[in-house]
Amino acid sequence: MKTAFISGATSGIGYEFAKQLAGQGYALVLHGRNQDVLAQLEQELPNVRQTLKADLSDPEQLDTLISQLDGLDGKIDVAVNNAGFGLYGDHLSLSEVDINA
């Protein structure tokens, strides 16, 4: 069975990727910041191999996530890097500090 890792899997596009890949028979390694939603996904989707809670803006949590991924038994065949952040407002009015935060 092939394995897919999806960051930002707890909502939006990441959640849809998780559903679609589960439907195609992939084993899922799901990342998100909300442990309750990750637990719900374990119940809802078939083939959830592991859930990983981490806030990727925190360097320590990011290091922990990388260690957990390195420790997986087997390889990851598909990676969906969907975790992100959003800034609201007119893009031209955002400061460089806000954009690079």
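Student: How many helices and strands does the chain have, and in which order do they run?

Tutor: Helices (H or I, at least four residues) and strands (E, at least two) are DSSP runs, numbered from the N terminus. In this predicted model, the chain has four helices and four strands, and from the N terminus on they follow the order β-α-β-α-β-α-β-α. Residues are numbered from 1 along each chain as its sequence is written.

Student: Is strand 2 buried or exposed?

Tutor: Buried means under 20% relative accessible area, exposed over 50%, and partly exposed in between (1.4 Å probe, protein chains only). Of the 101 residues of the chain, 29% count as buried. In strand 2 (residues 27–32), six of the six residues are buried, so this strand is largely enclosed by the rest of the structure.

Student: Which residues of strand 2 lie on each side?

Tutor: In a regular strand the side chains alternate between the two faces of the sheet. Here, Ala 27, Val 29 and His 31 are on one side, with Leu 28, Leu 30 and Gly 32 on the other, and all are buried.

Student: Which strands run parallel to strand 2?

Tutor: Two strands pair if DSSP finds at least two bridges between them. Strand 1 (residues 3–7) pairs with strand 2 in the parallel sense over four bridges, and Ile 6 stands opposite Leu 30. Five bridges join strand 2 to strand 3 (residues 48–53), again in parallel, and there Leu 30 has Thr 51 as its bridge partner.

Student: What kind of unit do strand 1, helix 1 and strand 2 make?

Tutor: A crossover is right-handed if, with the strands pointing away from the viewer, the path from the first strand over the helix to the second runs clockwise. Strand 1, helix 1 (residues 12–23) and strand 2 make a right-handed β-α-β unit. The crossover from strand 2 through helix 2 (residues 35–44) to strand 3 is right-handed too.

Student: Which residues have the most contacts inside the largest nonpolar core?

Tutor: A nonpolar core is a set of buried Ala, Val, Leu, Ile, Met, Phe, Trp, Tyr and Cys residues joined through side-chain atoms within 4.5 Å. The largest one has 14 residues, and those with the most contacts (heavy atoms within 4.5 Å) inside it are Ile 6, Leu 21, Leu 28, Leu 30 and Leu 45. Helix 1 gives the most to this core, with three residues.

Conventions. This is a predicted model: local features need pLDDT of at least 70, side-chain atom pairs count only at pLDDT 80 or more; totals for chains, interfaces and linings use all residues. Side-chain values use heavy atoms; hydrogens and water are left out.
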